[in-house]
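Open the model in your viewer and keep the selection panel at hand. The tour starts at one residue, then moves out to the chain and the pair.

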There are 2 protein chains.
Amino acid sequence: MIGRLNHVAIAVPDLNAAVAQYSDVLGAEVTEAVDQPDHGVTVVFVNLPNTKIEFLYPLGENSPIGNFLEKNPAGGIHHICYEVDDIIAARDKLKAEGARVLGDGEPKIGAHNKPVLFLHPKDFCGTLVELEQA
Amino acid sequence: MIGRLNHVAIAVPDLNAAVAQYSDVLGAEVTEAVDQPDHGVTVVFVNLPNTKIEFLYPLGENSPIGNFLEKNPAGGIHHICYEVDDIIAARDKLKAEGARVLGDGEPKIGAHNKPVLFLHPKDFCGTLVELEQA
């Protein structure tokens, strides 16, 4: 069912420092920062040859990564995102297998303008898993 | 400098449960478990089209992931691994830029029989970074 690893998302407490470490020190290609007010984050991508790293930095008062950064002040990996061909079929299979889909179970439009769902970390080795329609 | 994302390593408290979730529920291709006594882990790979997930399960008395699982009893992402063409050149550049290479700074032979180094999480957004010779 799952396909490509679309991205690994890292919540960062200092976006400029993260960009500098990945571009200057690790020599990676890093995109411009883009504010996503609907998602409460500013996003930067690190483009690797086979996938992406997504830096998430809080935007606004109620950023969904605010609590995470309070618990992890140096930053840390927030979630991993797998692509699926059919997000509704994926959701229905997951629910039938007893996996917990977060929220109301309906796909939302994610940061890449595609339908996404999040799965409960306790069902997947302590990792928050995002599924994104490919 | 960094190239492909070679793998995302997830420490798991129950290897059979992790394999079942990824193979049966997420429908991914999962390899047989391999004991790596020199590294204190049993390893399973989830083969995705563009990269791998590596499950790490403790093997023996002094597994390097024992402390991590005590702090994260449900499991969690332990490290991410980027490929580099020349690990010695990469190390020298990193040290010149002030990044901390763990251990004595000499590459070790990693779980894939290639030279690897680990970088200090505090220098890279709170994430433990492995570099592996491509």
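Which residues does B:Gly110 touch, not counting residues up to four places away in sequence? Select B:Gly110 with B:His39 and B:Val116: those are the residues touched. Contact here means heavy atoms within 4.5 Å.

This is a predicted model, in which local features need pLDDT of at least 70, side-chain atom pairs count only at pLDDT 80 or more, and totals for chains, interfaces and linings use all residues. Residues are numbered from 1 along each chain as its sequence is written, chains are lettered from A and ligands numbered from 1 in the order in which they are written, and side-chain values use heavy atoms, with hydrogens and water left out.

**Stop 1: around B:Gly110**

Stay on B:Gly110. It sits in the loop between β7 (108–109) and β8 (115–119) of chain B. Elements are DSSP runs, numbered from the N terminus: helices are H or I with at least four residues, strands E with at least two. Buried or exposed? B:Gly110 counts as buried, at 6% relative accessibility. The cut-offs are under 20% relative accessible area for buried, over 50% for exposed and partly exposed in between, with a 1.4 Å probe and protein chains only.

**Stop 2: chain A as a whole**

Select chain A and colour by secondary structure. There are 3 helices and 9 strands. From the N terminus, the order is β-α-β-β-β-β-α-β-α-β-β-β. The radius of gyration of chain A is 15 Å, close to the 14 Å of the globule rule for 134 residues, so chain A is as compact as a globular protein of that length. That radius is taken over C-alpha atoms, and the rule is 2.2 Å times the number of residues to the power 0.38. Along the principal axes, the C-alpha atoms fill a box of roughly 45 × 35 × 25 Å. Buried residues make up 49% of chain A. Of the contacts with a separation of 6 or more, 53% join residues 24 or more positions apart.

**Stop 3: both chains**

Show chains A and B together. A rotation of 180 degrees, with 0.0 Å of shift along its axis, superposes chain A on chain B (RMSD 0.0 Å). The two copies are thus related as by a two-fold rotation axis. Select A:Asn50 next: in chain A its C-alpha is the nearest to the axis, at 3.0 Å. The superposition is by least squares on the C-alpha atoms of residues with pLDDT of at least 70 in both copies. Finish at the interface. 100% of the interface residues of chain A are also interface residues in chain B, so the copies meet through the same surface.
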